[in-house]
Amino acid sequence: NVGSRRPPLVICVGTAQTVETWAFHLTNGLKNRTVLLYEAAGLGRSPRTDDVSLPTQASQLIRTIQATFPNEQVDLAGFSLGGRIAMAAVCVNTSIVRKLHLTGVSLGRSDSGYLQLLAWKDHLQNDNLRAFAWAALLASYSSAFLRRSEIRLPMWVQSVCDSHECS
């Protein structure tokens, strides 16, 4: 039934995430839905750009959605930085989104979040992508989840290192 078809789902990944880190979800639970995984400018191996401001990121996301799903509304989900970009995109253009789901997006940055951002900048400015990867994972997930996933942590850290650059 065409009338009951769910709209496409666009997932905006977070800072230390990539399309590859989300691939598992496409084969486990989202296989019956059209899904676009979106990496924002400056993440992963995206082409280099000088302007990674939130307004530019929101505009790029809107253009991508409109080009990929012309004349369709989408469900839009974002995690962390991807959530901020998704929220900004909806503020610019409400007509393209049916539902918005945000995870890991707060109203204001906590003192701890501010200090984590300083540490991330320091790691990246000093070409220490591995330290950035560890810090991002530790800041992004609960200690209980990370402890249960201990055997996977080195692989996740390596995945961040393989798919990002410091510059």
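Visitor: Okay, where is Asn71?
Guide: Asn71 sits in the loop between α2 and β3. Keep in mind that this is a predicted model.

Visitor: Is Asn71 buried or exposed?
Guide: Asn71 has a relative accessible area of 85%, and since anything over 50% counts as exposed, Asn71 is exposed.

Visitor: And what about the phi of Asn71?
Guide: The phi of Asn71 is near 60°, which is a positive value in a residue other than glycine. For background, most residues other than glycine have a negative phi.

Visitor: Which other residue has a positive phi although it is not a glycine?
Guide: Ser80 is one, with a phi of about 55°. You'll find Ser80 in the loop between β3 and α3. Ser80 has 24% relative accessibility, so it counts as partly exposed.

Visitor: New topic: the sheet. What order do the strands come in?
Guide: The order is β2-β1-β3-β4, four strands in an open sheet with parallel pairing. The edge strands are β2 (35-38) and β4 (97-103), each pairing on one side only. From one strand to the next, the twist averages 15°.

Visitor: How many bridges are there between β1 and β2?
Guide: Four bridges, with β1 (residues 9-12) and β2 paired in the parallel sense. Look for Cys12 there: Tyr38 in β2 stands opposite.

Visitor: Which strands does α2 touch?
Guide: Helix α2 (residues 54-68) packs on the sheet and touches β1, β2 and β3 (74-79). The direction of α2 makes about 155° with that of β2.

Visitor: How do α2 and α3 cross?
Guide: Their axes cross at roughly 75° and come within 8 Å, with α3 covering residues 81-92. Angles of 65 to 115 degrees count as roughly perpendicular, so that's the word for α2 and α3.

Visitor: Which residues make that contact?
Guide: From α2 you have Leu54, Gln57, Ala58, Leu61 and Ile62. On the α3 side, the contact uses Arg84, Ile85, Ala86, Ala88, Ala89 and Val92.

Visitor: How many of the α2 and α3 contact residues are nonpolar?
Guide: Nine are nonpolar, while one is polar and one is charged.

Visitor: Last stop, α7. Which residues are buried there?
Guide: In α7 (residues 153-163), the buried ones are Leu153, Val157, Val160, Cys161 and Ser163.

Visitor: What do the buried residues of α7 pack against?
Guide: They pack against two helices, α5 (129-140) and α6 (143-148).

Notes
Residues are numbered from 1 along each chain as its sequence is written. This is a predicted model: local features need pLDDT of at least 70, side-chain atom pairs count only at pLDDT 80 or more; totals for chains, interfaces and linings use all residues. Side-chain values use heavy atoms; hydrogens and water are left out. Two strands pair if DSSP finds at least two bridges between them. Axes are lines fitted to C-alpha atoms, for helices over the stretch in contact, and angles run from 0 to 180 degrees between N-to-C directions. Contact means heavy atoms within 4.5 Å. Angles under 35 degrees count as roughly parallel, over 145 as roughly antiparallel, 65 to 115 as roughly perpendicular and the rest as oblique. Ala, Val, Leu, Ile, Met, Phe, Trp, Tyr, Cys and Pro count as nonpolar, Asp, Glu, Lys and Arg as charged, and the others, Gly among them, as polar. Buried means under 20% relative accessible area, exposed over 50%, partly exposed in between (1.4 Å probe, protein chains only).
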